[in-house]
Amino acid sequence: MTVKAMGWAHSFPVSGGVRAGRQWTRRHLASLPWTEREPETVDSVVLAVSELLTNAHVHAHSDAQLVLTWDGDCLHISVHDDDPALPRPRQASEGAVSGRGVNIVRALADEWSMRCQRHGKTVTACFRPVLDPDADDAPAAGDGAR
């Protein structure tokens, strides 16, 4: 089986990185064949990117490295920052202006994971669009089609 994947990577600084990250993500998602049919998935991906970049900037006090990878089944969003402490889902109090990011990503993504590394951590979320078997973006039979 041949695996064909495409991806993009970019670093976003603490100052102004979240807005730039959302715009950068939308630009790259536009090149994928399924995004026009699934604007809700695109919006979920962009919101997850925003939350993960915000967490890196606010809680890790770190620039963030964002990697988007489309493997034909899942759009993987990975955000790496310099703090090895893993984010903890928590219940934000009513009226709180923060504390919901991890729960938002968990609710939006089909899968998500966190991993400590030698220099920081990476949080990854997977989004699986509903692929139309007659569309150009669907994997060929025998190539991992669901």
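Me: What makes Cys 116 partly exposed in this predicted model?

Reply: In this predicted model, Cys 116 has a relative accessible area of 46%. Buried would need a value under 20% and exposed one over 50%, so Cys 116 counts as partly exposed.

Me: Which residue is the bridge partner of Cys 116 in E5?

Reply: That partner is Lys 121. The two strands concerned, E4 and E5 (residues 120–127), run antiparallel to each other and share 7 bridges.

Me: How do you know that E4 and E5 pair?

Reply: Pairing asks for at least two bridges between two strands. E4 and E5 have 7 bridges, so they count as paired.

Me: Why is E4 said to stand at the edge of the sheet?

Reply: The open sheet has 5 strands in the order E1-E2-E3-E5-E4, with antiparallel pairing. E4 (111–117) and E1 each have a single partner strand, so one side of each has no neighbour in the sheet. From one strand to the next, the twist averages 15°.

Me: Which strands does H2 touch as it packs on the sheet?

Reply: H2 touches E1, E2, E3 (75–81) and E5. The direction of H2 makes about 10° with that of E3.

Me: What makes Cys 74 and Cys 126 a disulfide?

Reply: The sulfur atoms must lie within 2.5 Å. For Cys 74 and Cys 126 the S to S distance is 1.8 Å, so the pair meets the rule. The count comes to 1 disulfide.

Me: Which parts does the pair of Cys 74 and Cys 126 tie together?

Reply: Cys 74 sits in the loop between E2 and E3, while Cys 126 belongs to strand E5, so the link joins parts that are 52 residues apart in sequence. Both cysteines are buried.

Me: Why is the pair of Phe 12 and Trp 24 called edge-to-face?

Reply: The search of the whole structure finds 2 aromatic pairs. In the pair of Phe 12 and Trp 24, the centres are 5.7 Å apart and the planes make 70°. Centres within 6.5 Å qualify as a pair and planes over 60 degrees apart as edge-to-face, so both conditions hold. Phe 12 is in strand E1 (residues 6–12) and Trp 24 in helix H1 (residues 17–29), 12 residues apart.

Me: Are Phe 12 and Trp 24 buried or exposed, and what are their values?

Reply: Phe 12 has 3% relative accessibility and Trp 24 has 7%. The cut-off for buried is under 20%, so Phe 12 is buried, and so is Trp 24.

Me: What makes the pair of Trp 34 and Trp 70 tilted?

Reply: Their planes make 50°, with 5.5 Å centre to centre. Stacked needs an angle under 30 degrees and edge-to-face one over 60, so what remains is tilted. Trp 34 lies in the loop between H1 and H2 (39–58) and Trp 70 in strand E2 (residues 64–70), so the pair ties together parts 36 residues apart in sequence. Trp 34, at 0% relative accessibility, is buried, and Trp 70 is buried at 7%.

Me: Why does His 61 count as exposed?

Reply: His 61 has 64% relative accessibility, and exposed means over 50%, so His 61 is exposed. His 61 is in the loop between H2 and E2, and its phi is near 50°, a positive value in a residue other than glycine.

Me: Where does pLDDT stay under 50?

Reply: Over residues 137–146, for which the model has 16 contacts beyond four places in sequence. Where pLDDT is low, the predicted coordinates should not be read in detail. The mean pLDDT of the protein is 86, and 82% of its residues reach 70 or more.

Terms used. Residues are numbered from 1 along each chain as its sequence is written. This is a predicted model: local features need pLDDT of at least 70, side-chain atom pairs count only at pLDDT 80 or more; totals for chains, interfaces and linings use all residues. Side-chain values use heavy atoms; hydrogens and water are left out. Rings of Phe, Tyr and Trp (its six-membered ring) pair if their centres lie within 6.5 Å; planes under 30 degrees apart count as stacked, over 60 as edge-to-face and the rest as tilted. Helices (H or I, at least four residues) and strands (E, at least two) are DSSP runs, numbered from the N terminus. Buried means under 20% relative accessible area, exposed over 50%, partly exposed in between (1.4 Å probe, protein chains only). pLDDT is the predictor's confidence in each residue, from 0 to 100. Contact means heavy atoms within 4.5 Å. Axes are lines fitted to C-alpha atoms, for helices over the stretch in contact, and angles run from 0 to 180 degrees between N-to-C directions.
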